[in-house]
Amino acid sequence: MKEDGADMAGLKVVMRIAATKKDFDYDKFYRAYADGFLTKDTLQSAYGRINDVHPMHYLRINCTLQQFDEFLNFYGITEGDGMYLAPEDRVAVW
């Protein structure tokens, strides 16, 4: 869980900074975050990821973002939505 913990910690830092900015563009930020992990793998490159210590990219996006109230609240994600994660199931970093 080292790498996914690092992803969550980094995002938590950014969320704290964003909260201090009057006109922070959360939509632009979340989209850029996801775009940074977009990949188009070939079978060979996907096979090469098997021993990678990092989570698969879609998990680095979805599982990390759904840990944060800021993300869920910004997009109006609630119980029953695919990206919803109940507070008791979230991982607390710091």
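This is a predicted model: local features need pLDDT of at least 70, side-chain atom pairs count only at pLDDT 80 or more; totals for chains, interfaces and linings use all residues.
Visitor: What makes up the protein chain, helices or strands?
Guide: The protein chain has five helices and zero strands. From the N terminus on, the order is α-α-α-α-α. The C-alpha atoms fill a box of roughly 45 × 30 × 25 Å along the principal axes.

Visitor: How much of the protein chain is buried?
Guide: Buried residues make up 29% of its 94 residues. The chain exposes about 6800 Å², and carbon and sulfur atoms supply 56% of that area.

Visitor: Why is Arg90 called buried?
Guide: Its relative accessible area is 17%. Buried means under 20%, so Arg90 counts as buried.

Visitor: Where is Arg90, and what does its side chain reach?
Guide: Arg90 lies in the segment after α5 (69-74). Its side chain reaches the backbone oxygen of Leu85 at 2.8 Å.

Visitor: Why is Ala19 called exposed?
Guide: Ala19 has a relative accessible area of 59%. Exposed means over 50%, so Ala19 is exposed. Ala19 sits in the loop between α1 and α2. Ala19 and Glu70 are 51 residues apart in sequence, and their C-alpha atoms are 9.3 Å apart in space.

Visitor: How many aromatic pairs does the structure hold?
Guide: The structure holds twelve aromatic pairs. One of them joins Phe24 and Tyr26.

Visitor: What makes the pair of Phe24 and Tyr26 edge-to-face?
Guide: Two values settle the matter. The centres are 4.8 Å apart, and rings pair within 6.5 Å.

Visitor: Why is the pair of Phe74 and Tyr75 edge-to-face?
Guide: Their ring centres are 4.8 Å apart and their planes stand at 90 degrees. That angle is over 60, so this pair is edge-to-face. Phe24, Tyr26, Phe74 and Tyr75 are among the members of one aromatic cluster, along with Phe29, Tyr30, Tyr33, Phe37 and Phe71.

Visitor: Why are Phe74 and Tyr75 called partly exposed?
Guide: Phe74 has a relative accessible area of 40%. Tyr75 has 32%. Both values lie between 20% and 50%, so both residues are partly exposed.

Visitor: Which residues have the most contacts inside the largest nonpolar core?
Guide: That core has 15 residues, and those with the most contacts inside it are Leu11, Met15, Tyr30, Leu65 and Phe71. α1 (2-18), α2 (26-35), α4 (57-65) and α5 each supply at least two of its residues. The largest share, five residues, comes from α2. Not counting residues up to four places away in sequence, Leu11 touches Phe29, Tyr33, Thr64, Leu65 and Phe68.

Visitor: How do you know that the buried residues of α4 lie on the same side?
Guide: The buried residues of α4 are Arg60, Ile61, Thr64 and Leu65. They cover an arc of only 95 degrees around the axis, so they sit on the same side of α4. An α-helix has 3.6 residues a turn, so residues three or four places apart point the same way.

Methods:
Residues are numbered from 1 along each chain as its sequence is written. Side-chain values use heavy atoms; hydrogens and water are left out. Helices (H or I, at least four residues) and strands (E, at least two) are DSSP runs, numbered from the N terminus. Buried means under 20% relative accessible area, exposed over 50%, partly exposed in between (1.4 Å probe, protein chains only). A polar contact is a pair of N or O atoms within 3.5 Å; within protein, one must be able to donate a hydrogen and the other to accept it, and residues adjacent in sequence count only if both atoms are side-chain atoms. Rings of Phe, Tyr and Trp (its six-membered ring) pair if their centres lie within 6.5 Å; planes under 30 degrees apart count as stacked, over 60 as edge-to-face and the rest as tilted. A nonpolar core is a set of buried Ala, Val, Leu, Ile, Met, Phe, Trp, Tyr and Cys residues joined through side-chain atoms within 4.5 Å. Contact means heavy atoms within 4.5 Å. The arc is that of the directions from the helix axis to the C-beta atoms. Accessible areas come from the Shrake-Rupley method with a 1.4 Å probe; for residues, only the protein chains shown count as cover.
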